[in-house]
Amino acid sequence: MAEDKNLDLSPDYLGLLGHLALLTLPCFTRWHKEKSNLSAWEGLKLSKKFCDLLYKIQTQISSLAEVSSLQDQVAKKVKLAMWIRDTGVFWRALLVLFDATFQPPTSQAIEDFAETELIANFAEVKPLFDGNELRKIFGLNGKEIGDKMKEILIYQALHPTKTKEDYLKEHLVNSTVG
């Protein structure tokens, strides 16, 4: 979702998306998985892009439900930080839809947790290292770079004030001990 910067965020449009996403969940999930044209969708004349957006909304709300049910605060912080990063600037709008879906409303508690844990702006956080640095420092290639990047982002979520140098010190100490 984060890549579409031209998305209309007006309350009316978000309300429409939310209601469509919630009302069509059972039928739409089957359609999206099978990539088939269900007759129910033909009458709506929804574009593939719009249908994909509805599916993303549904999956993001489901993911947030999983995050909100976690009891382990560290796991909750990491999963919420990665969810915020994945949804980008739209995460607060999705909280509104989340409250419309689940009772009792919990979006304020989630938003407060994100603010308290310093992850509310995690979508804009730049990773401590870029791919080229990971290749040079750790000798990684291909998928290994993506895996290491995720590991570093989790580190950043857990330690928002730590620097690149802190990560290297801790990583070098951990790798020489093991």
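Trainee: Why are α8 and α9 called roughly perpendicular to each other?

Mentor: In this predicted model, where local features need a pLDDT of at least 70, side-chain atom pairs count only at pLDDT 80 or more, and totals for chains, interfaces and linings use all residues, the axes of α8 and α9 cross at roughly 100° and come within 10 Å. Angles under 35 degrees count as roughly parallel, over 145 as roughly antiparallel, 65 to 115 as roughly perpendicular and the rest as oblique, and α8 and α9 are therefore roughly perpendicular. The axes are lines fitted to C-alpha atoms, for helices over the stretch in contact, with angles running from 0 to 180 degrees between N-to-C directions. Residues are numbered from 1 along each chain as its sequence is written, and side-chain values use heavy atoms, with hydrogens and water left out.

Trainee: What makes α8 and α9 meet, and which residues take part?

Mentor: A contact means heavy atoms within 4.5 Å, and by that criterion Gly-131, Leu-134, Arg-135 and Phe-138 of α8 meet Ile-145, Lys-148, Met-149 and Ile-152 of α9. The residues of this contact divide into 5 nonpolar, 1 polar and 2 charged, where Ala, Val, Leu, Ile, Met, Phe, Trp, Tyr, Cys and Pro count as nonpolar, Asp, Glu, Lys and Arg as charged, and the others, Gly among them, as polar.

Trainee: How do you know that Lys-148 lies over the face of Phe-138?

Mentor: A charge sits over a ring if NZ of Lys or CZ of Arg is within 6 Å of the ring centre and within 35 degrees of the ring normal, and Lys-148 is placed at 4.6 Å from the ring centre of Phe-138. In another part of the chain, the charged end of Lys-76 sits over the ring of Phe-113, 5.4 Å from its centre.

Trainee: Why is the pair of Phe-129 and Phe-138 called edge-to-face?

Mentor: The structure holds 4 aromatic pairs, and for the one formed by Phe-129 and Phe-138 the values are 6.1 Å centre to centre and 80° between the planes. Rings of Phe, Tyr and Trp (its six-membered ring) pair if their centres lie within 6.5 Å, and planes under 30 degrees apart count as stacked, over 60 as edge-to-face and the rest as tilted, so Phe-129 and Phe-138 qualify as an edge-to-face pair. Tyr-155 and Tyr-167 also form an edge-to-face pair, with 4.9 Å between the centres and 80° between the planes. Tyr-155 lies in helix α9 (residues 143–158) and Tyr-167 in helix α10 (residues 164–177), so this pair ties together parts that are 12 residues apart in sequence. Ring pairs link Phe-129, Phe-138, Tyr-155 and Tyr-167 into a cluster.

Trainee: What makes Phe-129 count as buried?

Mentor: Buried means under 20% relative accessible area, exposed over 50%, and partly exposed in between (1.4 Å probe, protein chains only), and Phe-129, at 2%, therefore counts as buried. Tyr-167 at 4% and Tyr-155 at 10% are buried as well. Of the 178 residues of the chain, 35% count as buried.

Trainee: How do you know whether Leu-118 is buried or exposed?

Mentor: Leu-118 has a relative accessible area of 55%, which makes it exposed. The residue lies in the loop between α7 and α8 (131–138), and Leu-118 has a positive phi of about 60° although it is not a glycine.

Trainee: What makes α5 roughly perpendicular to α7?

Mentor: The axes of helix α5 (residues 73–87) and helix α7 (residues 107–116) come within 11 Å and cross at roughly 95°. That angle makes α5 roughly perpendicular to α7. On the α5 side, Gln-73, Lys-76, Lys-77, Leu-80 and Ile-84 meet Ile-110, Phe-113 and Ala-114 of α7, and the residues of this contact divide into 5 nonpolar, 1 polar and 2 charged.

Trainee: Why is Ser-68 called partly exposed, and why does Ser-107 count as buried?

Mentor: Ser-68 has a relative accessible area of 25% and is therefore partly exposed, whereas Ser-107, at 12%, counts as buried. Ser-68 is found in helix α4 (residues 48–68) and Ser-107 in helix α7; the two are 39 residues apart in sequence and 9.0 Å apart in space, C-alpha to C-alpha. Leaving out residues up to four places away in sequence, Ser-68 touches Lys-76, Phe-98 and Ile-110, while Ser-107 touches Leu-95 and Asp-99.

Trainee: How many helices and strands are there in the chain?

Mentor: The chain has 10 helices and 0 strands, taken as DSSP runs numbered from the N terminus (H or I, at least four residues, for helices; E, at least two, for strands).
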